[in-house]
Amino acid sequence: MAEMVTLRLSPETVARARAAAEREGMTLSDWMDRAARREARRDAARAHEEWLAANPDVRDELDGFDRLADTLESGWSDLSDAA
């Protein structure tokens with residue numbers, strides 16, 4: 001169940017958010033929820049990138065796994081049409 005909160009936003013921000021929500025066929029509440037979730041994910045991604053920058057050995061290991069996965073996947077074919 002969603003939690004009800006009170007926010008104080010400038011009139012300009014509310015007007016822009018309402019217009020964006022209307023364009024996308026969403027309620028203002030749903031649009032604001034999505035915007036907050038997007039920003040929280042962006043913040044988490046920034047923190048993750050900062051952590052990886054401070055730990056280059058981990059980044060190198062992850063890059064190695066990516067290269068291995070690319071190599072392994074290159075030998076697979078798409079069997080979705082076989083049935």
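Residues are numbered from 1 along each chain as its sequence is written, and side-chain values use heavy atoms, with hydrogens and water left out. Because the model is predicted, local features require pLDDT of at least 70 and side-chain atom pairs count only at pLDDT 80 or more, whereas totals for chains, interfaces and linings use all residues.

The chain contains three helices and zero strands, and reads α-α-α along the sequence. Helices (H or I, at least four residues) and strands (E, at least two) are DSSP runs, numbered from the N terminus. Of the 83 residues in the chain, 8% are buried; here buried means under 20% relative accessible area, exposed over 50%, and partly exposed in between, with a 1.4 Å probe and protein chains only. The chain exposes about 7,600 Å², of which carbon and sulfur atoms supply 55%. Accessible areas come from the Shrake-Rupley method with a 1.4 Å probe, and for residues only the protein chains shown count as cover.

Helix 3 covers residues 56-73, and its end C-alpha atoms lie 25 Å apart; this agrees with the 26 Å that its 18 residues should span at 1.5 Å a residue. The expected span is 1.5 Å times one less than the number of residues. Helix 3 is hardly covered, as the count of buried residues among its 18 residues is zero. Leu 72 has its place in this helix and is exposed, because its relative accessibility is 52%. Together with Leu 62, Phe 65 and Leu 68, Leu 72 forms a nonpolar surface patch with about 390 Å² of accessible area. Patches consist of residues with over 30% relative accessible area and no salt bridge, like charges being joined within 9 Å and nonpolar side chains (Val, Leu, Ile, Met, Phe, Trp, Tyr) within 5 Å.

A salt bridge is a side-chain nitrogen of Lys or Arg within 4 Å of a carboxyl oxygen of Asp or Glu, and by this rule the count is seven. In one of them, Glu 12 meets Arg 16 at 2.9 Å, N to O. Both residues belong to helix 1 (residues 11-23), four residues apart, about one turn of the helix. Arg 16 is exposed, at 57% relative accessible area.

A further bridge links helices. Glu 49 pairs with Arg 59, the closest N and O atoms being 2.5 Å apart. Glu 49 lies in helix 2 (residues 28-54) and Arg 59 in helix 3, so the pair ties together parts that are 10 residues apart in sequence. Glu 49 is partly exposed at 40%, as is Arg 59 at 28%. Elsewhere, salt bridges that share partners join Glu 39, Arg 42, Asp 43 and Arg 46 into one network. Within it, Arg 46 and Glu 39 meet at 3.1 Å, N to O.

The largest pocket has a volume of about 530 Å³. Among its 17 lining residues, Val 5, Leu 7, Ser 29, Met 32 and Asp 33 are the closest to its centre. On a 1 Å grid over the protein atoms alone, a pocket is an open set of points with protein on both sides within 12 Å along at least five of seven lines, and lining residues have an atom within 4 Å of a point. Grid points are joined across faces, edges and corners, and a volume is the space filled by probe spheres set on the points. Helix 1 and helix 2 each supply at least two lining residues, and helix 2 gives the most, with nine.

How values were computed. 1 Å grid on protein atoms, 1.4 Å probe; cavity = no way out; pocket = protein on both sides within 12 Å on 5 of 7 lines; lining within 4 Å.
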